Amino acid sequence: MARILQLSLLALLSLFHIPFSLGVPATDLDGFIDEYLSVNYHRAEVDVPPLKWNASLAVVASDLADQLADSITPSDAPPHYGGFGVTTYISCYDIPPMAQRAVWGWSQQRTAYNYTTNSCIENRKCSDYTQMVWKNSTEFGCSLGRSCNEPSCSPPEATFSYPTLFVCVYNPPGNTSAQRPY
């Protein structure tokens, strides 16, 4: 019942295009957390221990999602925020597959990461992937933010007319200079 109420609230807020985020209340969305925990599959691929959910970090992610909601550009997200590592993802689709899409998107950056040189291939982003699998990161929290700016989701299959920003923060942070993620 709580999930239905939260999804109803999300639908109502989207009618008014009000920026919002789901910090601590997102802990009630078991599917949301379970979907994100698929990140641990990618961590296992590189022999890194699994991440654990932290509701306090979800609040930090909520704050950052609120700040970024108006810019809604992942490149605007700092690699670190409040002493934590950051990953961001934008989607035009509804919440249930959101976490899976984000994890999949971050995992695709693996092909842009060169372990030998410990850098991204030229003109390709890999920092979300390296943060996701950072061996020293042990916990995370995530949240959502909605943009009230110009609509940018126009594909016919899009379920949101305004972009939704998915933000995760990690503790301890990754992507520190001169260190490899694993």
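A salt bridge is a side-chain nitrogen of Lys or Arg within 4 Å of a carboxyl oxygen of Asp or Glu. The exercises below apply to a predicted model.

**Exercise 1.** Determine how many salt bridges there are by this rule, and work out which parts of the chain the pair of Arg110 and Glu45 ties together.

*Solution.* The count comes to two salt bridges. In one of them, the side chains of Arg110 and Glu45 meet at 3.1 Å, N to O. Arg110 belongs to the loop between α5 and β4 (113–114), while Glu45 sits in helix α3 (residues 39–45), so the pair links parts that lie 65 residues apart in sequence. Side chains of Asp128 and Lys125 form a salt bridge as well, at 3.2 Å, N to O.

**Exercise 2.** Classify Asp128 and Lys125 as buried, partly exposed or exposed.

*Solution.* Buried means under 20% relative accessible area, and exposed means over 50%. Asp128 has a relative accessible area of 4%, and therefore counts as buried. Lys125, at 38% relative accessibility, is partly exposed.

**Exercise 3.** Describe the order of the strands in the open sheet, and locate helix α4 relative to them.

*Solution.* The sheet has five strands in the order β1-β6-β7-β3-β2, with mixed pairing. Its edge strands are β1 (52–53) and β2 (80–81), each of which pairs on one side only. Further in, β3 (residues 84–91) and β7 pair in the antiparallel sense over seven bridges, and Thr88 stands opposite Val167 in β7. Helix α4 (residues 55–68) lies across β1, β2, β3, β6 and β7, and runs at about 30° to β6.

Terms used
Residues are numbered from 1 along each chain as its sequence is written. This is a predicted model: local features need pLDDT of at least 70, side-chain atom pairs count only at pLDDT 80 or more; totals for chains, interfaces and linings use all residues. Side-chain values use heavy atoms; hydrogens and water are left out. Two strands pair if DSSP finds at least two bridges between them. Helices (H or I, at least four residues) and strands (E, at least two) are DSSP runs, numbered from the N terminus. Contact means heavy atoms within 4.5 Å. Axes are lines fitted to C-alpha atoms, for helices over the stretch in contact, and angles run from 0 to 180 degrees between N-to-C directions. Buried means under 20% relative accessible area, exposed over 50%, partly exposed in between (1.4 Å probe, protein chains only).
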